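Please read each point beside the structure.

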Amino acid sequence: MTIQLSVALIMLVEICAGQSAIQGVVIDARTKLPLSRATIKIRSQNIEVSADGNGRFQLQAEKTSDSLEVSHVGYKTFKKPINEVTSTLTIALEDYSIQLKTLTINSKTLNIRQVDNSLRRIKGNLYAYETEMTNGPYNLFLQSLRDDAQDELLSVCDFDLSSYDKPSREYYQNYSAVPSHTINKKDTLYKDFMDYPAVNISHEAAVIFCQWFSEQYNSSPGKKKFKKVRFRLPTLNEWQIAALGYPKFQSWVLSENMVEVVIPNDTISETRKGRKATIPVNDEILYPWWMAYNYRKKVQNSKNCFLGNFKILKTDKPCPAQIPGYDGWTKMSLTGAYFPNGMGLSDVVGNVAEMIDEKGKACGGSWNDIPSESTIASVKSYAGPSDTVGFRLFMEVLEE
């Protein structure tokens, strides 16, 4: 099977004396759809703009031999000297193909039925995976690249541990590796991390993984819920609405929504008995367990047990049952370790911040972020692969 990573760039360029007024539109060659948020650069002139939602852009540049660069995650970069740009320019980049095989690692294959059971509907044909993506499926993907000798792609998609010192690197090598033997549950010296979130990977790697996952699902001959789908990273609005977890949301903009709540007669009750009300989604609703009204801005319950995996300050009261760490974890936690939100999604805040389609942005905070930086509206910046950043698959149904 083949994933086509290709793009065509159609540019209309008007050349004026001394400068080039460059405008154009970036589209996908196969689908002919515009590519929003493509990045257009002229490095030597410190010029960088982004394509709009329709793939269009414009800029002014010195008329020199500098190169115009157009890039988009999942596509090969287009480069051309500005002085070679003509009034009308159509460029089709080379295909970037990945040959993929049916995978087997330790007699385990990608379980399509399990994938179907792990999807939760957001609205219409849009679904999201119930947890962050884990090491298990991600290792299946990496093994497929090794089997097909896709060395160039493997270098992009493999776990990147280059920034760590030796002890940390050894820890993450063990954390991300497929167990070499069946783990005895009584063996406390060896731990299987295949159900823990995949971290230390690049945004580009996550995008390519989504494409591979789509191919695996669509080409599966077995019984499955949908005929054809597309897995991808979510937009910011999609992620935040999914994190809110309110099936009756009215707008894709988080702050434009109203939610139904039950307000107890006291300020400490965990029950959902009391006066019904409809309130706006604002800084009064910070966490996905807001339906328990008294906990909409809190991360600990009445027993001081934490409701998510955060960076906990020493001044916080620890849960007496949680060791090690004040919330039970010193780094990433097992996915699905906490209660899901109203849409059935777990760990949308804390644990690992989740990538969106905009490179360098991740939502929801992580195990290394304090609770106030790990809300459903939190967006953090990241510069590259990190142990605090992972991703969650979103899926569009293309054919029922």
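1. A polar atom of the Ser144 side chain lies 2.6 Å from the backbone oxygen of Phe141. A polar contact is understood here as a pair of N or O atoms within 3.5 Å; within protein, one must be able to donate a hydrogen and the other to accept it, and residues adjacent in sequence count only if both atoms are side-chain atoms. Ser144 is placed in helix 2; helices (H or I, at least four residues) and strands (E, at least two) are DSSP runs, numbered from the N terminus. Ser144 counts as buried because its relative accessibility is 0%. Buried denotes under 20% relative accessible area and exposed over 50%, with partly exposed in between (1.4 Å probe, protein chains only).

2. The model is predicted: local features need pLDDT of at least 70 and side-chain atom pairs count only at pLDDT 80 or more, whereas totals for chains, interfaces and linings use all residues. Residues are numbered from 1 along each chain as its sequence is written, and side-chain values use heavy atoms, with hydrogens and water left out.

3. Helix 2 covers residues 135-147, and its 13 residues should span 18 Å at 1.5 Å a residue; the expected span is 1.5 Å times one less than the number of residues. The end C-alpha atoms of helix 2 are 18 Å apart, which agrees. Buried residues of this helix include Asn135, Pro137, Tyr138, Phe141 and Leu145.

4. Which residue takes a positive phi just after helix 2? Ala149 does, at about 55°, although Ala149 is not a glycine. Ala149 is found in the loop between helix 2 and helix 3 (151-157), and is exposed, with a relative accessible area of 54%.

5. Asn200 likewise is not a glycine and has a positive phi, of about 60°. Its loop runs between helix 4 (166-176) and helix 5 (203-219). Is Asn200 buried or exposed? Asn200 is buried, with a relative accessible area of 2%.

6. An open sheet is formed by 4 strands in the order 5-4-7-8, with antiparallel pairing; two strands pair if DSSP finds at least two bridges between them. Strand 5 and strand 8 (78-81) stand at the edges with a single partner strand each, so one side of each is left without a neighbour in the sheet. On average, neighbouring strands of this sheet are turned by 15° against each other, direction ignored.

7. Within that sheet, strand 4 (residues 39-42) pairs with strand 5 (residues 47-50) over 4 bridges, in the antiparallel sense. Thr39 has Ser50 in strand 5 as its bridge partner. The hairpin of these two strands has 4 residues between them, and Asn46 takes a positive phi near 55° there.

8. Of its 400 residues, 50% are buried. The accessible surface comes to about 20000 Å², with 49% belonging to carbon and sulfur atoms; such areas come from the Shrake-Rupley method with a 1.4 Å probe, and for residues only the protein chains shown count as cover.

Note on methods. Axes fitted to C-alpha atoms, helices over the stretch in contact; angles between N-to-C directions.
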